[in-house]
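Here is a short note for a colleague coming to this model for the first time. Please read it with the structure open.

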Amino acid sequence: QVQLVESGGGLVQAGGSLRLSCAASGTIFSINAMAWYRQTPGKQRELVSAIGRGGGTNYASSVKGRFTISRDNAKNTVYLQMNSLKPEDTAVYYCNADIKRRVGSYFADYWGQGTQVTVSS
């Protein structure tokens, strides 16, 4: 079994910062891409940022220059540093990872339970 556990969400004023963490645990052989998504009520889940195993990154245009994604492969953990937060960043943030559990198995998609980020104006 694999679990992704997020932490670091909360309430912050506009212009403030938060750092999200997501640790993968369980039977894991290899992790390929890791990513952060977010979702607000009534809207589709959207990609915020992703990072490959080698460190290549991409960002949604709405967060570029304000958010930074990073990962620690030894800890199976991905981070999202969020600076200059805006009220429109308010959402539930979900961690996603592409994980191979055993040698010879396939990569599969796993999701965390989500963490709430609320930015007040």
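1. Start at Gly 10. Its bridge partner in S11 is Val 117. That bridge belongs to the pairing of strand S2 (residues 10-13) with S11, which runs in the parallel sense over four bridges. Keep in mind throughout that this is a predicted model.

2. Strand S11 covers residues 115-120. S11 also pairs with S9, this time in the antiparallel sense and over three bridges. Here Tyr 93 has Thr 115 as its bridge partner in S11. In general, strands of a sheet pair through backbone hydrogen bonds, either parallel or antiparallel.

3. Which residues of S11 make up its covered face, and which its uncovered one? Thr 115, Val 117 and Val 119 are on the covered face. Gln 116, Thr 118 and Ser 120 are on the uncovered face. As a general rule, side chains in a regular strand alternate between the two faces of the sheet.

4. Thr 115 counts as buried, because its relative accessibility is 10%, and the cut-off for buried is under 20%. A polar atom of the Thr 115 side chain lies 3.4 Å from the backbone nitrogen of Gly 9. Leaving out residues up to four places away in sequence, Thr 115 touches Glu 6, Gly 9, Leu 20, Ala 91, Val 92 and Tyr 93.

5. Move to S9, residues 91-100, where Asn 96 lies. Is Asn 96 buried or exposed? Asn 96 is buried, because its relative accessible area is 7%. What does the Asn 96 side chain make a polar contact with? The partner is the side chain of Asp 109, at 3.3 Å. The Asn 96 side chain also reaches the backbone oxygen of Tyr 110, at 3.4 Å.

6. The surroundings of Asn 96 deserve a look too. With residues up to four places away in sequence not counted, Asn 96 touches Leu 4, Ala 33, Met 34, Ala 35, Tyr 37, Asp 109, Tyr 110 and Trp 111.

7. Next, the four-stranded sheet. The sheet is open, with the strand order S1-S3-S8-S7 and antiparallel pairing. Strand S1 (2-7) and strand S7 (67-72) stand at the edges. Each has a single partner strand, so one side of each is left without a neighbour in the sheet. Neighbouring strands of this sheet are turned by 15° against each other on average, direction ignored.

8. Its pairings can be traced residue by residue. S1 pairs with strand S3 (residues 18-26) in the antiparallel sense, over six bridges. Gln 3 has Ser 25 as its bridge partner in S3. Val 5 has Ala 23 as its bridge partner in S3. S3 in turn pairs with strand S8 (residues 77-82), antiparallel and over six bridges. In that pairing, Leu 20 stands opposite Leu 80 in S8.

9. Asp 72 is partly exposed, because its relative accessible area is 24%. Setting aside its neighbours within four places in sequence, Asp 72 is in contact with Thr 77 and Tyr 79. Its C-alpha atom is separated by 15 Å from that of Phe 29, 43 residues apart along the chain.

10. Two loop residues need checking for backbone angles. Most residues other than glycine have a negative phi. Asn 76, however, has a phi near 50°, a positive value. Asn 76 is found in the loop between S7 and S8, and is partly exposed at a relative accessible area of 21%. Ser 84 also has a positive phi, near 50°. Ser 84 is found in the loop between S8 and S9, and is partly exposed at 42% relative accessible area.

11. Last, the rings. How many aromatic pairs does a search of the whole structure find? The search finds one. Arginines also lie over ring faces. Arg 19 lies over the face of Tyr 79, at 4.1 Å from the ring centre. Arg 45 lies over the face of Tyr 94, at 3.7 Å from the ring centre. Tyr 79 is also one of the contacts of Asp 72.

Note on methods. Residues are numbered from 1 along each chain as its sequence is written. This is a predicted model: local features need pLDDT of at least 70, side-chain atom pairs count only at pLDDT 80 or more; totals for chains, interfaces and linings use all residues. Side-chain values use heavy atoms; hydrogens and water are left out. Rings of Phe, Tyr and Trp (its six-membered ring) pair if their centres lie within 6.5 Å; planes under 30 degrees apart count as stacked, over 60 as edge-to-face and the rest as tilted. A charge sits over a ring if NZ of Lys or CZ of Arg is within 6 Å of the ring centre and within 35 degrees of the ring normal. Buried means under 20% relative accessible area, exposed over 50%, partly exposed in between (1.4 Å probe, protein chains only). A polar contact is a pair of N or O atoms within 3.5 Å; within protein, one must be able to donate a hydrogen and the other to accept it, and residues adjacent in sequence count only if both atoms are side-chain atoms. Contact means heavy atoms within 4.5 Å. Two strands pair if DSSP finds at least two bridges between them. Axes are lines fitted to C-alpha atoms, for helices over the stretch in contact, and angles run from 0 to 180 degrees between N-to-C directions.
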